[in-house]
Amino acid sequence: MKISLAQYVSEVGQAKAAAAIGVHQTAISKAVRIGRQIYILKLPGGEVKAVEYRDFPHRRKPIVR
């Protein structure tokens, strides 16, 4: 089953989502806040995997000074 990171966080909370994926809670917070296209795959046995969809080639936004 595939759901968005934001939806997964709303179900289990940021701390549990971070632990399940193997990142810090602050990384989850920032990813949700800026709207990254990250999806959670729920695998058999209760394991979760995070997948991000990005444009290829990925280009950074230009620095505005």
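**Note on the pockets and the sheet**

1. Helix α3 gives the largest share of the lining of the second largest pocket, five residues. Helices (H or I, at least four residues) and strands (E, at least two) are DSSP runs, numbered from the N terminus. A pocket is an open set of points on a 1 Å grid over the protein atoms alone, where a 1.4 Å probe fits, with protein on both sides within 12 Å along at least five of seven lines; lining residues have an atom within 4 Å of a point.

2. This is a predicted model, in which local features need pLDDT of at least 70 and side-chain atom pairs count only at pLDDT 80 or more, while totals for chains, interfaces and linings use all residues. Residues are numbered from 1 along each chain as its sequence is written, and side-chain values use heavy atoms, leaving out hydrogens and water.

3. The second largest pocket has a volume of about 170 Å³, a volume being the space filled by probe spheres set on grid points joined across faces, edges and corners. Among the 13 residues that line this pocket, Val23, Ala27, Ala31, Arg36 and Ile38 are the closest to its centre.

4. For the largest pocket, the volume is about 250 Å³. Its lining includes Ile34, Arg36, Tyr53 and His58.

5. Strands β1, β2 and β3 form, in that order, an open sheet with antiparallel pairing; two strands pair if DSSP finds at least two bridges between them. β1 (2-4) and β3 (48-52) are at the edges with a single partner strand each, so one side of each lacks a neighbour in the sheet. Between β1 and β2 (residues 38-42) there are three bridges, and lysine 2 has leucine 41 in β2 as its bridge partner.
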